[in-house]
Amino acid sequence: MQIAIDGPSSAGKSTVAKLVATELNFIYCDTGAMYRAATVLAQQNQLDYGDEEQILALLKQATIKFQPAKTGQLVFLDDQDVTLKIRTPEITNNVSQVSALPKIREELVRQQRSIASGNNIVMDGRDIGTTVLPDAELKVFLIASANERARRRFEENITKGIQTPLAKLQEEIELRDYKDSHRRVSPLTKADDAVEIDSTHLSIEEVTQAIVKLANERK
Ligand code: C5P
């Protein structure tokens with residue numbers, strides 16, 4: 001069974017997707033982490049974030065791996081643990097430029113389909129229901145107001161010692177939403193057959209249980 005969870009930045013997709021995967025005993029794939037890892041490759045090699053050919057060449061040589069850990073999931077770029085690096089503001093604010101490059105998307109979509117093949121999987125991102133897994137048995141489009149998403153990111157940042165004003169976070173979230181929804185290739189859109197869940201006034205547990213219930217109904 002394949003479960004696709006798409007939606008705008010900071011709507012809680014990965015938190016919920018991880019919990020749904022644990023509850024159903026499915027594997028979990030965070031596709032945003034893969035675009036972020038590609039952005040780290042560009043940064044570490046001092047490439048322009050729009051240099052499609054060079055980033056692609058590096059991406060084809062590198063391996064992005066996920067490793068389960070007590071603290072969640074670790075992300076490796078070859079042998080380098082990039083779990084923290086992929087969440088830094090430099091990467092967050094430039095990932096939309098890298099993810100808009102058609103050849104980078106083509107390569108990562110190929111890797112994502114290969115991870116999904118033959119597995120019970122929960123995959124979260126922007127184009128999972130529309131492009132990566134169009135035949136997924138369950139597609140969820142998870143949204144929340146920009147203000148609530150900024151508030152959640154603010155709280156999360158405080159626990160990590162990052163101090164960015166709430167208004168700036170909301171501005172960054174809205175800018176990333178705009179870029180992700182207006183790019184030419186696989187823009188963020190709700191699949192026709194996706195179930196929309198608005199998490200603005202729901203807890204993580206409520207959203208998780210709503211998705212688990214839908215999954216059990218479709219098994
Ligand atoms: O989900 P997360 O915020 O970590 O994703 C980071 C970025 O990766 C998004 O803003 C988007 O530009 C890109 N992305 C994408 N397609 C996906 C997942 C993420 O374009 N399936």
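What percentage of the 219 residues of the protein chain count as buried? I began my entries with this point and found that 41% of them do. I note at the outset that the model is predicted.

**Entry: the chain as a whole**

I looked up the secondary structure and recorded 10 helices and 8 strands in the protein chain. I then turned to the overall dimensions. Along its principal axes, the C-alpha trace spans about 50 × 40 × 35 Å. For a compact globule of 219 residues I would expect a radius of gyration near 17 Å; the protein chain has 16 Å, so the value agrees with that expectation.

Among contacts with a separation of 6 or more, 72% join residues 24 or more positions apart.

**Entry: helices α2 and α3**

Helix α2 covers residues 31-44, and helix α3 covers residues 52-61. Their axes come within 10 Å and cross at roughly 115°. Angles of 65 to 115 degrees count as roughly perpendicular, and α2 and α3 are therefore described in that way. I also noted the handedness: the crossing of α2 past α3 is right-handed.

**Entry: the residues between them**

Which residues of α2 meet α3? I found Ala38, Leu41 and Ala42 on the α2 side. Their counterparts in α3 are Ile55, Leu58 and Leu59. By class, I counted 6 nonpolar residues in this contact, with no polar and no charged ones.

Conventions
Residues numbered from 1 in each chain as written. Predicted model: local features only at pLDDT ≥ 70, side-chain atom pairs only at ≥ 80, totals over all residues. Axes fitted to C-alpha atoms, helices over the stretch in contact; angles between N-to-C directions. Helix = DSSP H or I, 4+ residues; strand = E, 2+ residues; numbered from the N terminus. Parallel < 35°, antiparallel > 145°, perpendicular 65-115°, else oblique. Left-handed = near helix turned anticlockwise from the far one by under 90°. Contact = placed C-beta atoms within 7 Å. Nonpolar A, V, L, I, M, F, W, Y, C, P; charged D, E, K, R; others polar. Rg over C-alpha atoms; globule rule 2.2 N^0.38 Å. Buried ≥ 20, exposed ≤ 12 C-beta atoms within 10 Å, placed from the backbone.
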